[in-house]
Amino acid sequence: MRIAVLNGPNLNLLGTREPEVYGRATLADLERDVRAEAARLGVELTWFQTNHEGAFVDAVQALKGQADGAIVNAAAFTHTSLAIRDAFLAVQVPFVEVHLSNIFAREAERRHSRLADLALGIIAGFGAPGYVLALSALKQKLDAR
Ligand code: DQA
C-alpha cells in the first residue's frame, strides 16, 4: 500500500513557529515518527512539503495512480483553496485531513475547511501524534475496502 503525506505552507517552520500552538516537534521529527509507523504497518510512504499552492495542486494531481491514499495537512490552504479542493475532486484519492491544532477551537476563519467534506475523516488538535493516528486510521479504512 502506498500512502503520500502532503504538507502545506509554513509547516517547514515547525519547531520554532508558534510552539504554543503547534508544539516543538519539527517537520523532520514528524516525518521520522510517521515513517516508523509506516514501516511497522508495511506501508510505502512518500513525504512532501511546499509553501506554494500550485505545487500543492501538482502534488495532489500526481497522487492519481501513484498513491492508494493520502494524509493531508494543507495548512492555511485548507481554509482558502478551491484549487486544491478541485484537485482532490479530480483525482478521487481517499485522504485523511490532519491539523496539529484544533482548528475548530481557533479564529473563525480557521473553523472552515474547504477539504473536510471530501476527506474520509479529520484528526485535529493532537499535535504531531495526529499524523501517526491518521496513518493508522487511513490504513484501516483502505484495508477494509
Ligand atoms: C494547521 C492549521 C491552519 O489553520 C494553519 O494555517 C496551519 C497549520 C494545523 O496543522 O494546525 O498552518 O493546518
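Predicted model: local features only at pLDDT ≥ 70, side-chain atom pairs only at ≥ 80, totals over all residues.
Let's start with α6, which covers residues 129-143. From its first C-alpha to its last, this helix of 15 residues reaches 21 Å, close to the 21 Å expected at 1.5 Å a residue. Its buried residues are Gly-130, Tyr-131, Ala-134, Leu-135, Leu-138, Lys-139 and Leu-142. What do the buried residues of α6 pack against? Their partners are the strands β1 (2-7), β2 (44-49), β3 (69-73), β4 (95-99) and β5 (121-124), together with helix α2 (27-41).

Searching the whole structure turns up three aromatic pairs. Among them is the pair of Trp-47 and Tyr-131, which is tilted, with 6.0 Å centre to centre and 35° between the planes. Because Trp-47 sits in strand β2 and Tyr-131 in helix α6, this pair ties together parts that are 84 residues apart in sequence. Are these two residues buried or exposed? Both Trp-47 and Tyr-131 are buried.

Another pair joins Phe-56 and Phe-77, and here the geometry is edge-to-face: 6.4 Å centre to centre, with 80° between the planes. Phe-56 belongs to helix α3 (residues 53-61) and Phe-77 to helix α4 (residues 77-80), so the pair links parts that are 21 residues apart in sequence. Buried means under 20% relative accessible area. Phe-56 therefore counts as buried at 0% relative accessibility, and Phe-77 counts as buried at 13%.

Technical notes. Residues numbered from 1 in each chain as written. Heavy atoms only, no water. Helix = DSSP H or I, 4+ residues; strand = E, 2+ residues; numbered from the N terminus. Expected span 1.5 Å × (residues − 1). Buried < 20%, exposed > 50% of the residue type's maximum accessible area, 1.4 Å probe, protein only. Contact = heavy atoms within 4.5 Å. Phe/Tyr/Trp six-rings, centres within 6.5 Å; stacked < 30°, edge-to-face > 60°.
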